[in-house]
Amino acid sequence: MRGFLRATAAAVALSSVLLTAACGASDDGDRDAKATAAAPAGFPVTIDDCGVKTTYDEPPSRVVTIHQHPAELMLALGLEDRMVGTAFPDSAVLPELKKDYEAIPELAEREPSFEKILDAEPDFVYGGYGSAFAEKEGRSRKAFADAGIDTYLNLEYCGKGQVTMKDTYDEIRTIGKIFGVPDRADKLVTDLRGRVAKATAEVEGEREMPVFVYDSGDKSAFTAGGKGLGTELIRLAGGKNVFADLDDVFGDVSWEQVVERKPEVIAIYDYAGAGSVEEKKKFLLSQTALADVPAVRNKRFVVLPLTATLVGIRSAYAVDDLARGLHPESFQ
């Protein structure tokens, strides 16, 4: 009996060793598999955005966009499955993106509160204007970081100086890198470059047309300054922003200054909450002080969705629309 018990104990001990070894091997395999899964191709990625450095070990999976142009950029890269909320639509969405855009929950008509954003449980918040991360409203980038949420601000609002189409292409490629889709980003950039090249070729050699951008305002004019992308779009379309010397993305100027600079075309920015295009035209045409401004006298207006004048996928479309408005004879 004692011999039988010793044999049984030995067998049990051997089984235990084998089981432990097997479990250890399994655990090692699981750890290896997890390590592989935690490091997708091309990651980790470190991005320095407006002075905020972030390292991504994997692509974000739950994204909230604040303002329309970041949302459209995400959709153009085929990232609709990562988006859990949008906010602040200001223009009609591009037709080819409309269906996907409308399927994403809208968190607010303007910038949502910090709490409302947290309710969507994002791991990444992408803002279009500086107001997306307004500290006084509790939405600072630090507040999101403290909550474990990464942020990205459209580089037009990094305050680095004159914004150009290169910045648009850089923005697209950076978002492509963060989300692990650099090939899609490269293809999109190639398509947009081609669109711009075609428009600029049509107006090559034409006289530079003086353009005043009318965003909004009555007692003063809120216009596009020299640091914003709008100035570059006008230049590529064969024009010159008469307020390119305004040292900001947008700013107020007096109507006397508008009269003095004699714009021959007025580019009206169209977006929700600032009056309709027809209301803006009616206002400009009714001002006695503006009667001798060439653009007003000749009723030469070009309408652009505000979204199309920002660092995003629409800017290439805006170059074509502007070129046709400034030099229609080149497209006959």
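Which residues are buried in α6? In this predicted model, the buried residues of α6 are Met165, Asp167, Thr168, Tyr169, Glu171, Ile172, Thr174, Ile175, Gly176 and Ile178. The helix is thus described as mostly covered, with 10 of its 14 residues buried. Helix α6 runs over residues 165–178, and at 1.5 Å a residue its 14 residues should span 20 Å. Just after α6, Gly180 adopts a positive phi of about 70°.

Across the whole structure, the search returns 15 aromatic pairs. One of these joins Phe124 and Tyr126, with 6.4 Å from centre to centre and 65° between the planes, an edge-to-face arrangement. Phe124 and Tyr126 are both buried. Tyr126 also pairs with Tyr152: the ring centres are 5.3 Å apart and the planes stand at 85°, so this pair is edge-to-face. Tyr152 is buried, as is Tyr126. One aromatic cluster is made up of Tyr56, Phe124, Tyr126, Tyr152 and Phe179.

Rings also take part in contacts with charged side chains. The charged end of Arg141 is placed over the ring of Phe133, at 5.6 Å from the ring centre. In a second case, the charged end of Arg195 sits over the ring of Tyr317, and here the distance to the ring centre is 4.0 Å.

Empty space left between atoms is shown by rolling over them a probe the size of a water molecule. The count comes to 1 cavity of 30 Å³ or more. The volume of the largest cavity is about 50 Å³. Its lining consists of Glu156, Ala224, Gly228, Leu229, Gly230, Val249, Phe250, Tyr269, Thr309 and Leu310. By residue class, the lining of the largest cavity comprises 6 nonpolar, 3 polar and 1 charged.

Definitions and conventions: Residues are numbered from 1 along each chain as its sequence is written. This is a predicted model: local features need pLDDT of at least 70, side-chain atom pairs count only at pLDDT 80 or more; totals for chains, interfaces and linings use all residues. Side-chain values use heavy atoms; hydrogens and water are left out. Helices (H or I, at least four residues) and strands (E, at least two) are DSSP runs, numbered from the N terminus. The expected span of a helix is 1.5 Å times one less than its number of residues. Buried means under 20% relative accessible area, exposed over 50%, partly exposed in between (1.4 Å probe, protein chains only). On a 1 Å grid over the protein atoms alone, a cavity is a set of points where a 1.4 Å probe fits but cannot get out, and a pocket is an open set with protein on both sides within 12 Å along at least five of seven lines; lining residues have an atom within 4 Å of a point. Grid points are joined across faces, edges and corners, and a volume is the space filled by probe spheres set on the points. Ala, Val, Leu, Ile, Met, Phe, Trp, Tyr, Cys and Pro count as nonpolar, Asp, Glu, Lys and Arg as charged, and the others, Gly among them, as polar. Rings of Phe, Tyr and Trp (its six-membered ring) pair if their centres lie within 6.5 Å; planes under 30 degrees apart count as stacked, over 60 as edge-to-face and the rest as tilted. A charge sits over a ring if NZ of Lys or CZ of Arg is within 6 Å of the ring centre and within 35 degrees of the ring normal.
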